[in-house]
Amino acid sequence: MFLAGATAAAAEAPRISGLQLGLNAGLTRLVIEASGPLAADLQTSAEPALLTLTFPPGVTAQPLPGTAGSGLIERAGPLSEAGGRVTLPLILAAPALVERAFQLPAQGRHAPHRLVIDFRPADSAAFRMAFAAPVHLPLEQSADVVPPLPASRDNRRLIVLDPGHGGQDPGAISASGRYEKDVTLAVARAVAVRLEQTGRYRVLLTRNGDRFVRLPQRVALARQKEADLFLSIHADSLASDGLTRGASVYTRAEHATDLEAEALALRENKADLLADSAPAEELDDVVSILLDLASRDTPRLSGRFAGLLTASLGQATPLRRNAVRAANFLVLSAPDVPSVLLELGYLSNLKDEALLFSDQGRRELAEAVVAAIDRFFGVEAQPAR
Ligand SMILES: [Zn+2]
C-alpha cells in the first residue's frame, strides 16, 4: 500500500484508482482515474524517452501494475512513491507533446474522476523545448500554441475485419446446407493475408475461428484498437429466390434506403439474440473513455469506402443493382471508425455459392477488397504484372 500512514489532510486528497491507455483520433490517450479532481506535473528526466507525472503532495494511489503500451507510450507505470509524492513514469516509444489535458468529472456516484491527457507525435527538439520545465496539468488551454509537427513515419493503418456469425450462429445456410459463417471467415482470412503482404496495414480479425462473438464486442474491438477501417463480411440468402445473386455493400443509417436493406439489417442484427448473456454493458464503459471525440467525418468516410469497394468488387463478381445501400446494422455502430458491411453474394444462388466456396472465387474477392482499401487510403496498388 502506498502512503499507509496518510495524514488527515491526505484523506481528502484524491486517490488514484486506475490507469488506461488507448488511441483516440490519432492521439495517444492516457486516462488516470481518481477519487477526486487530479492535477499533476509532467516532466522529462535525463533520459529522453521517459516522462514522469508527479502528483501533488497528499495524493495516494492504489497499488496498480503498469499498463502495456499503446501508440506513443510504450509503458505507463507502475505508480510509485518518491519523496513523499506519487509518481507515474511514462516510457515513450517516440517523442511526444501534450495536445490537450483536461479533467472529466465523475459520471456517477461510484464513478471515478478522470484526468485525460492526449499526446501527439513531436520531434526531439520540440520535445526538449516543451519539457524544459515541468508542464502543469490539466492545461489551462490547449497546447495548440505549439506549431503542428510532421506526423511520425511508420503509421500502418489498422484494418479490423469482421467475419460475420460463428459458433452457434451459422448465419445464412446455402441450398446444399453450407454455412455463411465458413465463407465469411475464409474470405476474411484471405483478405488479411493480402493486406499484411502489402506491408502497409496491420490487421485484426474479430474472430479467427468458429466462435460466437457478440455484435457489440466486434464494434468494441474496432473502437478500442482505434481501427482506421472496419469491414464486416457476410453472405446473404433468400429463402424463396434462387435467382438473385451478386455482391452489395452497406453503410449504417437509421432509416434504411429500401425495404430489402431494412430486412437484411434485421436478419444480421438477429445474430445478437443468440448470445447467452445480457448485453455486455461493461464493454461500453471500457471504450467510452476513448471516445469523447467521435469523428463527424465517419459517415462520409464510410460512404466513400463503400463506393470504392463496390467499384472494385465489380471487377470480381456480379453486383446487385443499387449496390451501395444503407440500413440500421448494429455491427456498423462505431461512431469513430469508418464501417462498412459487405454481402459477398447469395448462398441461395448456385453460381454465387460455387464462387464463394471456391478458392479462386475467394481469392478474387479478397484481391478486390484489398484494392479498394488501398484506394481508400490513397495507395494505388501495383498493376498485376
Ligand atoms: Zn450475415
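Asp352 touches Arg245, Gly246, Gly345 and Tyr346, leaving aside residues up to four places away in sequence, where contact means heavy atoms within 4.5 Å. This is a predicted model, in which local features need pLDDT of at least 70 and side-chain atom pairs count only at pLDDT 80 or more, while totals for chains, interfaces and linings use all residues. Residues are numbered from 1 along each chain as its sequence is written, and side-chain values use heavy atoms, with hydrogens and water left out.

Asp352 is found in helix α8 (residues 350–356); helices (H or I, at least four residues) and strands (E, at least two) are DSSP runs, numbered from the N terminus. Asp352 counts as buried because its relative accessibility is 0%, the classes being buried under 20% relative accessible area, exposed over 50% and partly exposed in between, with a 1.4 Å probe and protein chains only. A polar atom of the Asp352 side chain lies 2.8 Å from the backbone nitrogen of Tyr346. Asp352 and Ala247, although 105 residues apart in sequence, are 9.1 Å apart in space, C-alpha to C-alpha.

| Strand pair | Sense | Bridges |
|---|---|---|
| β15 and β18 | parallel | six bridges |
| β16 and β18 | antiparallel | three bridges |

Within β18, Leu342 is the bridge partner of Val249.

The zinc ion is coordinated by His165 (NE2), Glu180 (OE), His234 (ND1), Glu268 (OE) and Glu268 (OE), at 2.0 to 2.4 Å, donors being N, O and S atoms within 2.8 Å of the metal (3.2 Å for Na, K and Ca); water is not among the atoms, so sites may look incomplete. His234 in strand β15 and Glu268 in helix α5 (residues 259–269) are 34 residues apart, a pair that links distant parts of the chain. His234 counts as buried at 5% relative accessibility, and Glu268 is buried with a relative accessible area of 6%.

Helix α7 meets these strands from its buried residues, which pack against β15 (229–236), β16 (247–252), β17 (319–327), β18 (339–346) and α9 (359–376). In α7, Thr298, Ser302, Phe305, Ala306, Leu309, Thr310, Ser312 and Leu313 are buried. They cover an arc of only 160° around the axis, which puts them on the same side of α7; the arc is that of the directions from the helix axis to the C-beta atoms.

Definitions and conventions:
Pairing = 2+ DSSP bridges. Polar contact = N/O pair within 3.5 Å; in protein donor to acceptor, adjacent residues only side chain to side chain.
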